[in-house]
Amino acid sequence: MTASAGTKRTIYAALAGNLAIAVTKFAAAFYTGSSAMLSEGVHSLVDTCNELLLLLGLSRSSRPPDEIHPLGYGRELYFWSFVVALLVFALGAGVSLYEGIRHVLAPEPAENLTVSYVVLGLAFLFEGWSWRVALLEFRARKGDLGWLTAIRRSKDPTVFTVLLEDTAALLGIVIAAAGILAADLLDMPELDGAASIGIGLVLAATAVFLARESMGLLIGERAAPALQTAIIARAHADPVVRAVNGVVTVHLAPEQVVVALSAEFEDTTTTTAIEACIERLEAALTADHPQVVALYVKPQTPEAWRQQVVRRSGEAEAGT
């Protein structure tokens, strides 16, 4: 199975589960009057919309380059992933916090709690199935990296977005069940609202983390160090390259990387020979690393490269 196929399977699994769960939770919230259950319904509805947006991002990002966008539309995936994070914060967390505070200030006992427990139990099973699909897909991609490191280095936000959403959903179900049970046993309906606030805080924390990771990808992140090392090694191996000064890489999409290479050529190298070298490098890199969609080579002395690096470093420090 390709990475794209695995990504879509993960999203479709989450979409199917969240849609069924959202309808069930809203029906239960209407029937029981539980604030926590209503927050959970909003949570699942937001997650359903998020999966649709991720599928939209996948579709639009796969469009080929054109005259207006010569490098393609790969970053649309990162844009829609950022929108997903905003929706989790604005709708999921916002509505949950509002509903929780309202219910704490004006508490009303929930009714027919058996329905709530059954719905939450079924939701946990469905959500757990979706979570497992996302977990297996992400585990297959992360290799030997730690979980947090793998998320931060990942260039495909769709899988870890679904995984984090499902994790937040499972936590939300546990919080909702605990709040409803405590409110019933202690005869304190305020605890139902407190559970809704807890769900909102979980969603807010998830949204902030997702927004930060998506923003980094949207701005532009470098390729993995292993790919950069392979590019430099391949350029070094070419007979007309005297030295490779450095390489700059930027991800346009999970499987689309633009490479800018600074290299010094032998003084006797002709323009024709340099052009032939660049063609050899392009052919070799695209064969060994299909994610490299564009290669730009700049003939440059090491001194000029170092000055350029120092200038960029100074601009970066001035910006901070």
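1. Some ground rules come first. The model is predicted, and local features need pLDDT of at least 70, side-chain atom pairs count only at pLDDT 80 or more, while totals for chains, interfaces and linings use all residues. Residues are numbered from 1 along each chain as its sequence is written, and side-chain values use heavy atoms, with hydrogens and water left out.

2. The largest pocket has a volume of about 1,000 Å³. A pocket here is an open set of points on a 1 Å grid over the protein atoms alone, where a 1.4 Å probe fits, with protein on both sides within 12 Å along at least five of seven lines; its volume is the space filled by probe spheres set on the points, which are joined across faces, edges and corners. Lining residues, those with an atom within 4 Å of a point, number 34 in the largest pocket, and K155, D156, H251, P254 and E255 lie nearest its centre.

3. Several elements give two or more residues to this lining, among them α2 (35–61), α4 (113–142) and β1 (241–253), but the largest share, four residues, comes from α1. Helices (H or I, at least four residues) and strands (E, at least two) are DSSP runs, numbered from the N terminus. By class, the lining of the largest pocket has 14 nonpolar, 10 polar and 10 charged residues, where Ala, Val, Leu, Ile, Met, Phe, Trp, Tyr, Cys and Pro count as nonpolar, Asp, Glu, Lys and Arg as charged, and the others, Gly among them, as polar.

4. The second largest pocket has a volume of about 150 Å³ and is lined by 13 residues, including P109, A110, A183, D184 and P189, which lie nearest its centre. Helix α6 (residues 157–185) gives the most to this lining, with three residues, and the lining divides into seven nonpolar, two polar and four charged residues.

5. The C-alpha atoms of A13 and E127 are 9.5 Å apart in space, although the two residues are 114 apart in sequence.
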